[in-house]
Amino acid sequence: MTTTAALPLEQHNIEIQRNRAAWERKPMLREIYLGFYRQIAARLNPRLTGPVVELGSGMGRIKEVIPHCLTTDLFPNPWLDRRENCYALSFADGEVSHLILFDVWHHLRYPGTALQEFHRVLTTGGRLILFEPAASWVGRLIYHFFHHEPVAVRDPITWEAPAGFRAADADYYAAQGSATRLFWWGEGHARLKGWKLSEVRPLTSFDYFASGGFSGPQLGGRFLHGLMRTLDFLVTPFPRVFAARLLVVLEKEPA
């Protein structure tokens, strides 16, 4: 499936409200996501000074694991700290210690342009932490058939915005395979000047698949989810086949 046709940016906020409702009615999903947030928290470098900022926070639930995280989004929902646009951040040069993007990278139509802005606001050694869908063999199958956003592993990636682009011009875009292609499969490695790609970790999570995510039905109860976690352990050595999620950490290199 190809990347989404242009939709209004407001589509993101529609999905945020829908996801909040799913969060409240699906306890297993909450448990799984809190585990994901703990994976992110383990990648924070306590020696760095400056705020920890999440971009595209949506529901802002990361604060349940990282209370000091500054939550931001394009939309001024009351549970978030402030508004931010990935293409034009309000932070000063070198002000931020960490940027966290949870299921946000694949919504960036021009990832290279956004990456330049992330590099500007991060301190030297600052970390950009991405948590994304993994386009393994099983991941591609499930995301293709059971999630409304396209995987788009063969579509061209437009690295930089065209001349005259403004942050306010951003529209709704989705290509779930973007991080897999650029960081795991290596299509973007040559474009990472000024960055150290310090970690690319595919994560198996049949538990996540069984939860149905935010848009699908939850399968079974705690017993089934316990079996899924056992299955996750067994298939961990085969991420190219079974990975569900991808954790990527980049560090800003000294000038």
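**View 1. Arg 82 and Glu 84 pair up side chain to side chain in a salt bridge, 3.1 Å from N to O.** A salt bridge here means that a side-chain nitrogen of Lys or Arg sits within 4 Å of a carboxyl oxygen of Asp or Glu. The model is predicted, so local features need pLDDT of at least 70 and side-chain atom pairs count only at pLDDT 80 or more, while totals for chains, interfaces and linings use all residues. Numbering starts from 1 along each chain as its sequence is written, and side-chain values use heavy atoms, with hydrogens and water left out. Back to the pair: Arg 82 is partly exposed, at 32% relative accessible area, whereas Glu 84 is buried at 8%. Buried means under 20% relative accessible area, exposed means over 50%, and partly exposed is in between (1.4 Å probe, protein chains only).

**View 2. Arg 201 and Glu 199 also meet through their side chains in a salt bridge, with N to O at 2.7 Å.** Arg 201 is partly exposed with a relative accessible area of 40%, and Glu 199 counts as buried at 17%. Charge pairing has a simple background: side chains of opposite charge can pair when their charged atoms come close. Elsewhere, Glu 24, Arg 61 and Glu 64 are joined in a network of salt bridges. The total for the model is 15 salt bridges.

**View 3. Arg 245 reaches Asp 103 in a salt bridge, the closest N and O atoms being 2.6 Å apart.** This one ties together distant parts of the chain: Arg 245 belongs to strand E7, Asp 103 to the loop between E4 and helix H3 (111-121), and 142 residues separate them. Helices (H or I, at least four residues) and strands (E, at least two) are DSSP runs, numbered from the N terminus. Strand E7 itself covers residues 243-252. Arg 245 counts as buried because its relative accessible area is 1%. Its side chain has other partners too: there is a polar contact with the side chain of Tyr 33 at 3.1 Å, and another with the side chain of Tyr 208 at 3.5 Å. A polar contact is a pair of N or O atoms within 3.5 Å; within protein, one must be able to donate a hydrogen and the other to accept it, and residues adjacent in sequence count only if both atoms are side-chain atoms.

**View 4. Asp 103 and Ala 152 both show a positive phi.** Asp 103 has a phi of about 55° despite not being a glycine. For Ala 152, phi is near 55°. That is worth a look, since most residues other than glycine have a negative phi. Ala 152 sits in the loop between H4 and helix H5 (178-184), and it is buried, with a relative accessible area of 4%.

**View 5. The largest nonpolar core has 35 residues, and Tyr 33, Tyr 37, Ile 40 and Ile 100 touch the most other members.** Each of these elements supplies at least two core residues: helix H1 (10-25), helix H2 (27-41), strand E4 (96-102), strand E5 (122-133), helix H4 (137-146), helix H6 (206-211), helix H7 (222-235) and E7. H2 gives the largest share, seven residues. A nonpolar core is a set of buried Ala, Val, Leu, Ile, Met, Phe, Trp, Tyr and Cys residues joined through side-chain atoms within 4.5 Å. Leaving aside residues up to four places away in sequence, Ile 40 touches Ile 66, Ile 100, Phe 102, Ile 129, Phe 131 and Leu 247. A second, separate core holds 34 residues, including Cys 86, Leu 89, Leu 99 and Trp 184. In soluble globular proteins, nonpolar side chains tend to be buried together.

**View 6. Helix H3 is largely enclosed by the rest of the structure, because eight of its eleven residues are buried.** Those buried residues are Pro 111, Gly 112, Thr 113, Ala 114, Leu 115, Glu 117, Phe 118 and Val 121. Their cover includes strand E1 (52-55), E4, E5, H5 and strand E6 (195-204). Contact means heavy atoms within 4.5 Å. Zooming out, contacts between residues 24 or more positions apart make up 78% of the protein chain's contacts with a separation of 6 or more. Of the 255 residues in the protein chain, 53% are buried.
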